[in-house]
Amino acid sequence: MSRLGRPNAALLLLGVAILWLVVAPAGGLGSLKFHATPTTAAAQGRPVVSAFPHAIPRTILPSHHGALLPIRTVTLSTLLGAAHSGLGPARSSAPGSATPLGAVLAGRPAAVHPTLNQTSVGLQFVTEGINSATAGGGTPPDVQLALGPKQVVEFVNVYGEAFNRTGASLGAAFYLGTFFGTGSDYLSDPKILYDAESGRWFASILHVNSAGTICYNMLAVSTNSSALGTWKIYSLADPSGDLGDQPILGLSSSLIGIAVNQFSSSFVGSEYFVINKTSAMSGGTLQFTTFGPSANDYSIHPVDGVTPNASLFMVETDQSNPNLVNFFTVTGVPPANVSVAEKNLSVTTVTAAPGAPQPGTSDLIDTGDQRVQTSVYESGTIWVAFSDQCLPNGDSTDRACVRLLQFNATTGAVHQDFDLNRSGLYLYYPALALDAGGNLTLVYGGSNSTIYASVYVTGRAAVDPVGFLARPARLIAGNTAQSGCGGSCRFGDYFGASQSALDAHAWVAGEYVGSASGAFWQTALSQVTIAAGPVPLSTSLTTVTPQVDVGQLATVKLTLVNSTCSVSGSDYCSYHLPYTTGSFDGTCLGTFLGGSFALNYSAEGSYPVGSGGYVAVYNESTCNGIPIANLSLTPVTITVWAKPSVSIALVSGGAFGNRIDFGLSFVLRATVTGGLGPFSHSWAGAPAGCVDTPGGVTVRLLNCTPSAIGNVSVAYHLTDADGIHVNTSFSVEVVAAPTLSLNITPGLLVAGVSTRFNASETGGVGEITFVWNHLPSGCFPADVPVIDCTPTTAETDSLSVTVNDSLGVTASASSAVDVHAGLSISLTANVGTHTVGVPLHLDATVGGGVAPYTYSWSGLPPACAAGNVSSLVCSPGTAGTFSLVVNVTDSERGHASAQLTVTVVAAPPGSSPGGSSTVVIEVAAAGVVAVVVVIGLMVALLRRRRK
């Protein structure tokens with residue numbers, strides 16, 4: 001099962017446990033019931049052991065018969081290009097990805113290394129298939145392919161696409177949940193086959209309900225030979241009540257096989273359905289029999305039958321013995337009795353393959369375990385392929401290899417058992433196809449630390465000797481790595497291959513890692529021809545170093561393929577290899593395995609090599625006359641990069657230059673331009689707590705939180721793939737965050753009196769802005785540190801000011817503000833017109849201001865003495881009109897004045913103003929009243945009374 005559409009393992013196991021607790025009968029294991037729809041398809045308990053005999057040497061849980069109707073009919077042509085709203089819940093892990101093997105299969109195989117024969121591999125064309133961007137993401141794709149009379153259909157984990165036989169797409173990829181009628185539930189591990197004998201298409205997929213508790217094996221059967229026509233869909237609930245992984249589909253003349261690996265709280269074994277093929281093709285009631293799960297079986301793989309055979313064959317690598325392959329023959333057609341016979345085939349030791357390296361990353365491609373990945377029957381012979389570990393000739397390191405087995409389908413006699421391998425290269429996920437003449441086509445993936453994951457094809461003609469394979473052809477080259485997987489990148493579970501029923505062609509499909517926009521895996525399809533006989537001479541011009549820096553040597557290699565150019569041979573050659581400013585010319589009179597040529601470029605750019613070049617092959621050592629072959633060269637291109645340079649910038653949410661506030665985190669971004677990747681990066685001198693983070697192929701980030709104020713100087717070192725070194729450094733100044741204090745003068749505020757509000761700021765980065773709030777009336781805010789103004793109204797409020805620096809760091813200060821009313825004074829007299837000698841009362845009434853007050857009088861009549869008083873009493877001694885003025889000043893320097901005009905008239909004749917010449921002055925100041933009495937008046941009165 002693949003990660004795309006795979007249920008969470010914990011959810012799977014929990015769902016199984018709950019299902020088992022709920023449905024298991026109290027009295028033991030009950031009978032199995034089958035229903036037509038997923039909503040009622042849960043197994044009603046584990047099957048009981050029946051008395052049905054099995055012609056096998058060990059116990060397999062007994063079979064049960066079932067029948068069900070199709071759940072839907074779908075026409076594929078209506079789905080081409082149809083939109084789908086979603087893929088359903090993503091599943092990130094697979095119970096099957098950690099299948100226990102029991103005893104560890106260890107030991108190096110005694111590999112039989114194939115000899116490369118003159119049989120040729122012809123790639124008619126290569127078509128780009130579904131990629132992760134068009135299939136909704138997910139890893140891995142689980143590539144499958146089937147070839148019919150008119151269409152080619154590719155399946156990946158949850159999408160499919162149809163092509164015509166010239167490789168043209170017949171419509172956009174369609175969602176398999178719509179095709180199988182499962183909606184957005186979990187789907188995984190699709191299979192699709194075209195059966196030339198019946199002229200029908202068959203497809204299967206694993207379906208788990210959204211709760212992760214019920215597992216179905218979906219089966220689709222076409223009603224005719226067109227993949228675009230109508231299909232009948234069946235849903236086979238898992239009879240064991242467990243949850244399955246990687247259902248495998250196989251065919252014979254009368255049977256369909258679907259084998260599934262089952263999981264409960266752990267791996268419980270392999271289970272398989274044996275289906276009446278005729279009932280499936282009828283579109284009516286499907287008749288089938290189930291076996292298992294058997295804990296003795298690791299992963300049973302039904303065989304795809306190319307030529308007619310009544311029996312259904314199945315194979316598996318043995319989980320407990322690395323030198324056995326188990327071969328099953330299934331006979332009988334449901335609902336009649338079905339029997340299973342097993343043979344154990346002795347093979348060279350089978351060992352799980354190691355992970356495959358990729359350029360530029362430490363993540364390895366997961367090459368899968370040693371379960372069977374592809375198997376085909378043809379005219380009495382079965383071919384099987386799977387991943388293996390071997391030691392290639394001339395190599396010193398065990399690699400991932402492709403194991404190939406051929407054995408007799410009747411006797412089990414093994415005809416061929418060898419590893420396809422290549423020194424220094426890791427090979428994985430084989431898929432094979434056989435035509436009716438026994439010619440074999442094999443597709444597989446390959447990579448190492450210098451070769452990105454690519455797709456390769458080889459094969460053999462039926463007449464080839466044992467262990468012979470054609471020279472592999474690279475179907476498509478990868479150009480980037482699958483990385484970020486945490487060490488192991490999923491890449492299987494299998495590739496696809498299918499043989500044409502109309503001609504000797506096969507079609508293959510495989511996964512590679514390309515650079516399509518938005519895709520992290522891609523698939524490629526190709527039509528392949530395996531032809532026996534000598535391979536014609538050909539040339540190969542390759543770029544050993546396709547990308548270099550300015551001034552670095554670039555190397556190209558020219559090779560003559562399939563030539564007898566040797567000391568003892570009869571072929572001789574000369575070559576002409578042009579490049580931008582010259583050419584390499586020479587002859588090869590001895591062995592010509594290949595010549596390497598070095599070039600040096602002084603400017604960046606793309607430079608063609610080999611355009612117009614050739615290799616001429618002669619049968620005379622003088623290399624004269626008419627050549628027996630004149631082979632043109634396919635040009636290659638050298639890309640020359642400018643030498644690398646690095647720029648470092650402080651990018652911390654708008655950092656100001658290279659300054660930042662203490663308390664803020666900062667990020668240094670090192671950006672590489674030019675140079676040849678992959679790059680090696682390192683930082684030095686960074687403070688403790690700084691974290692180095694990749695920011696892409698050409699960007700490196702250093703995330704830091706400064707622990708002190710001051711300068712932080714960081715050094716950065718870069719090395720590109722050509723060994724060019726670049727060193728640079730960057731300093732960051734960490735400054736104190738802004739602080740603020742507020743001062744108001746004078747301390748007491750009076751309306752009408754000038755006031756200063758002073759905000760004193762220190763620290764911060766860049767431009768400082770001031771924001772004032774709640775200033776008194778008459779004072780207006782501005783982006784300034786000092787505001788001078790005159791309040792106009794008595795009021796009480798809370799004044800605040802906030803500063804912001806260029807990085808958004810703030811500081812605030814506030815103060816309560818009490819504005820007193822402005823100073824005022826009024827002046828009154830006791831009467832409007834005064835008489836000489838009559839007491840005059842003057843009162844100055846003060847309002848507002850801040851006590852204490854100071855009074856100043858002017859313009860008083862003679863005999864009226866002035867003082868620092870608010871009220872006074874005097875008797876004017878002179879008639880006249882007087883303009884009286886009183887001025888008042890408060891403690892905050894507030895000033896006010898009042899004016900009063902007083903008229904004093906002479907006393908009437910004969911009157912005695914006041915009855916005396918005594919002047920009485922009443923003075924009130926600061927709340928004290930003083931009365932001064934003229935003593936002479938009192939003495940006179942007393943003397944008069946004594947007489």
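User: Is D142 buried or exposed?
Analyst: This is a predicted model, where local features need pLDDT of at least 70, side-chain atom pairs count only at pLDDT 80 or more, and totals for chains, interfaces and linings use all residues. Residues are numbered from 1 along each chain as its sequence is written, and side-chain values use heavy atoms, with hydrogens and water left out. The cut-offs are under 20% relative accessible area for buried, over 50% for exposed and partly exposed in between (1.4 Å probe, protein chains only). D142 has 0% relative accessibility, so the label is buried.

User: Where does D142 sit, and what separation do the C-alpha atoms of D142 and E511 have?
Analyst: D142 belongs to the loop between β4 (120–131) and β5; strands here are DSSP runs (E, at least two residues) and helices are runs of H or I, at least four, numbered from the N terminus. Along the chain, D142 and E511 are 369 residues apart, yet their C-alpha atoms are separated by 8.5 Å.

User: What share of contacts between residues at least 6 apart in sequence join residues at least 24 apart?
Analyst: A contact means heavy atoms within 4.5 Å. The protein has 4 helices and 70 strands. Among those contacts, the share joining residues at least 24 apart is 63%.

User: Which residues have the most contacts inside the largest nonpolar core?
Analyst: A nonpolar core is a set of buried Ala, Val, Leu, Ile, Met, Phe, Trp, Tyr and Cys residues joined through side-chain atoms within 4.5 Å. The largest has 34 residues, and the elements giving two or more residues to this core include α2 (176–180) and β12 (230–237). Those with the most contacts inside it are F179, F180 and W231.

User: Which aromatic cluster holds F180?
Analyst: Leaving aside neighbours within four places in sequence, F180 is in contact with residues including I71, M218 and I233. Its aromatic cluster is F155, F174, F179, F180 and W231.

User: Is the pair of F313 and F327 stacked, edge-to-face or tilted?
Analyst: Rings of Phe, Tyr and Trp (its six-membered ring) pair if their centres lie within 6.5 Å, with planes under 30 degrees apart counted as stacked, over 60 as edge-to-face and the rest as tilted. The structure holds 24 such pairs. For F313 and F327 the centres are 5.5 Å apart and the planes at 35 degrees, so the pair is tilted.

User: Which residues lie nearest the centre of the second largest pocket?
Analyst: On a 1 Å grid over the protein atoms alone, a pocket is an open set of points where a 1.4 Å probe fits, with protein on both sides within 12 Å along at least five of seven lines, and lining residues have an atom within 4 Å of a point. This one is lined by 34 residues. Nearest its centre lie D304, V306, A497, S498 and Q499.

User: What is the phi of Q246, and where does Q246 lie?
Analyst: Most residues other than glycine have a negative phi. Q246 is not a glycine, but its phi is positive, about 50 degrees. As for its place, Q246 lies in strand β13.

User: Which peptide bond is cis with omega near -5 degrees?
Analyst: Two cis bonds can be looked at here. From P334 to P335, omega is near 10 degrees. The bond with omega near -5 degrees runs from T745 to P746.
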